[in-house]
Amino acid sequence: MILLHLFLVAITISTSFSIEVNPKIFINNAECLVDLSTQLVKGECRLSLENNDDKPVNSVLYAFEPSIKSHIAFISAYQVFESNRLSLNVKPVTLSGHKDKQLYQIDFNVSRPLRSKGRAPLVVEYVLTNALYPHPEEITQKDRQLMMFYGNAYLYSPYKSLKSSVKFQTGTRRIEDYTNISPVSLSSGDIIYGPFGSLEPFAYSQISLHYDNNTPFLKATKLTRTIELSHWGNVAVTDVIDLVHHGAKLKGSFSRYDYQRETNSGISSVKSFKMYLPASATSVYYRDVIGNISTSNQRTLLDSVELDIRPRFPLFGGWKTHYTIGYNVPAYEYLYNSGEDYLLKMRLIDHLYDNMIIEDVTVRIILPEGSVDLDLKTAHPIVRLPDGLHYTYLDTIGRPIIKLQMSNVVESHISDFELKYKFPKAFMFHEPLIVIVAIYILFLTVIIWVRLDFSIAKDGHSETRQRISGITSAIIHHFERRASIYSSWDEALNKLKHSKDIGTYNTASKQIQADYKNESTSINELATKLKTESTELSDKLNEVQKAEKNLKELFGQTQSLYTDKLITGKVGRNQFVELDSGLKRKKDECQEKITQLLKLLN
């Protein structure tokens, strides 16, 4: 973390510009508001600038004291003209003889410079981190948390100011102490220094404010964010977060009983906080090293998804937690393309919690395999580490991965990045083809494997079993065909019973008998082969043949009943029905016996 911060400082210094202060610019009036009600120090200075030079001025300087130089996280400037807000470019600069100070150059719009002998309004906003110090550094579970802030009673500027005031908002009436520099006033938790008259450049008078501040003092010491893009329609986002409560440390033991019973117990602790995700976020999960944390709640709003994060235990000063947040968003909302040119535009980081501080941020953007010509643009300075490759399922050459780092990040840094790249359309079929080829090779391997014989000597028993299996399968097949012949015989007899057409029946009967003879001949040939291979199975087949012979005799009796007695009228109706039912029952029993005996051949 320290090395990264020094690296970012080195980049800032190397890209800063050397500039001189214009002595003919001064500040007519300055009103500064410093918000100390949260863990962040948020400042806003409204300046009225005047140019006494003979030529227009295109830029001015804004300065910070050496004591807070390392706490600056964000700065911006704008002008308001006719209710329209015009943002201005801000960049760090160095001033000869003032290397210890942090100065920024604010460039006016080309069409609206600070004209000669003219005035112009200017608003500067900034955010400081780690500028509040717990005092005392340790408190018990029942104590309130007190914070100490060291600042400047005057407007700190490289220009002379004619009138200025600084207002500190603490957000509480519980103020222990504050530096008394006349004129100063205290009203409803607001401490106002000034208005002061003429002040020289870089005027400084240190003040200290000691006050009650029980807002959440949460700091993400490390955030590792992974954005994985798929051209099949999804963007997967994963945040791995290390969180610490950096307020006054807990002194003594923690009592869960007192914490739940007394409303003022652990007033400075953090029970829960809200994280805001994109409105299209789905499949949201929140887990730690133990597993899923079910105490969290999710609520879908109009423009975002609100995730109420409740850790497994309340966070007191010095306590830490580690957790992972993940979700999916549809790619069509963030990915644009024209031919093979693609543009990914989405948030670099999400809103982790209100008034967030992130010490170290690492962002990994994983693109589809085959992406080339990567071009990244961000709204704020970053450190881009060397690109790498990421391998996952079905990857061959690897997916390009862009690694970014930032430090001292606050909510004002939440902005979109733009990543342009080229992706050949042919790579869309890369992974499906790999799956197809892999399945083809698998089936081909199985086909070859089952047809290869790896034995050194012939296995006689195995060959015999295979021959017997082939013969029995053929026998069963012919018996099934003969069973269908019996079904045809039944149908012919039923037609005869209703039509009394003996000629048609005789024609059908000749064909049935011919088919039966063919099947019987085939079965007898197979029976002869089976007898040479297995005597046991041959005996079982003989039993099947005997049962089948009985079945054929029953069909012959049925035929005689129909042709000799029913057609000629030699039997009455009731007697015919009784004889026909008896024969049918015997045929069914015989066919069931044949089926059971055939199963023994397998």
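The following dialogue examines how terms are applied to this predicted model.

Modeller: Residues are numbered from 1 along each chain as its sequence is written. In this predicted model, local features need pLDDT of at least 70 and side-chain atom pairs count only at pLDDT 80 or more, while totals for chains, interfaces and linings use all residues; side-chain values use heavy atoms, without hydrogens and water.

Biologist: What makes the pair of Phe 273 and Tyr 323 tilted?

Modeller: Rings of Phe, Tyr and Trp (its six-membered ring) pair if their centres lie within 6.5 Å; planes under 30 degrees apart are stacked, over 60 edge-to-face, and the rest tilted. The centres of Phe 273 and Tyr 323 are 6.3 Å apart and their planes stand at 45°, so the pair is tilted.

Biologist: Why is the pair of Tyr 342 and Tyr 421 called stacked?

Modeller: Its centres are 5.5 Å apart, with 10° between the planes, and planes under 30 degrees apart count as stacked, so the term applies.

Biologist: How do you know that the span of helix α5 is close to the expected one?

Modeller: The expected span is 1.5 Å times one less than the number of residues. Helix α5 (residues 502-533) has 32 residues; 46 Å is expected, and the helix reaches 46 Å from its first C-alpha to its last. Helices (H or I, at least four residues) and strands (E, at least two) are DSSP runs, numbered from the N terminus.

Biologist: Which residues of α5 are buried?

Modeller: Among them are Tyr 505, Ile 512 and Leu 530.

Note on methods:
Buried < 20%, exposed > 50% of the residue type's maximum accessible area, 1.4 Å probe, protein only.
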